[in-house]
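Hello,

Here is the structure I promised to pass on. Please open it first, then read the notes below.

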Amino acid sequence: MPLVDIQIIKDVFTPDQKRSLIEKVTDAMVAVEGEAMRPVTWVRIREIEQGDWAIGGKLLTAADVHAMAG
């Protein structure tokens, strides 16, 4: 039973975006492992608090991520 664990900064994605992410990641896994595995393919989103994630020593917030996305 595959488990895909996705970590994101809290408040970056909307509930609809998270739902879409889960559906598309599940579809990608099923494309590799076969349709019979869909019922046991787990996708988990873990939200990390803003300021608890850093790149290059710089703490990131949701606003920083939105600015990078342009």
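**What I found**

Glu49 counts as partly exposed, because its relative accessibility is 42%. Keep in mind that this is a predicted model.

Which residue does Glu49 meet in a salt bridge? The partner is Lys10, with 3.5 Å from N to O. Lys10 lies in the loop between S1 and H1, and Glu49 lies in the loop between S2 and strand S3 (54–55). The pair therefore ties together parts that are 39 residues apart in sequence. Lys10 is partly exposed too, at 31% relative accessibility.

**Other salt bridges**

The count comes to eight salt bridges. One of them joins Arg44 and Asp5, whose closest N and O atoms are 3.4 Å apart. This pair links distant parts of the chain: Arg44 sits in strand S2 and Asp5 in strand S1, 39 residues apart. Arg44 is partly exposed, with a relative accessible area of 34%. Asp5 is partly exposed as well, at 35%.

Another salt bridge is formed by the side chains of Glu35 and Arg38, at 2.6 Å from N to O. Arg38 has a relative accessible area of 32%, so it counts as partly exposed. There is also a network: salt bridges that share partners join Asp5, Arg44 and Arg46.

**Helix H1**

Helix H1 covers residues 15–33, which is 19 residues. At 1.5 Å a residue, H1 should span 27 Å.

Which residues of H1 are buried? They are Val25, Thr26 and Val30. Seen down the axis of H1, these buried residues fall within an arc of 140°, so they line one face of the helix.

What do the buried residues of H1 pack against? They pack against strand S1 (3–9) and strand S2 (42–48). The face of H1 turned away from the buried side carries the exposed residues Asp16, Lys24, Ala31 and Val32. Just after H1 comes Gly34, which takes a positive phi of about 105°.

**A nonpolar patch**

Met1, Leu3, Val40 and Trp42 make a nonpolar patch of about 430 Å². Trp42 belongs to strand S2. Trp42 is partly exposed, with a relative accessible area of 48%.

Best wishes

Key. Residues are numbered from 1 along each chain as its sequence is written. This is a predicted model: local features need pLDDT of at least 70, side-chain atom pairs count only at pLDDT 80 or more; totals for chains, interfaces and linings use all residues. Side-chain values use heavy atoms; hydrogens and water are left out. Helices (H or I, at least four residues) and strands (E, at least two) are DSSP runs, numbered from the N terminus. The expected span of a helix is 1.5 Å times one less than its number of residues. Buried means under 20% relative accessible area, exposed over 50%, partly exposed in between (1.4 Å probe, protein chains only). The arc is that of the directions from the helix axis to the C-beta atoms. Contact means heavy atoms within 4.5 Å. Patches are made of residues with over 30% relative accessible area and no salt bridge: like charges are joined within 9 Å, nonpolar side chains (Val, Leu, Ile, Met, Phe, Trp, Tyr) within 5 Å. Accessible areas come from the Shrake-Rupley method with a 1.4 Å probe; for residues, only the protein chains shown count as cover. A salt bridge is a side-chain nitrogen of Lys or Arg within 4 Å of a carboxyl oxygen of Asp or Glu.
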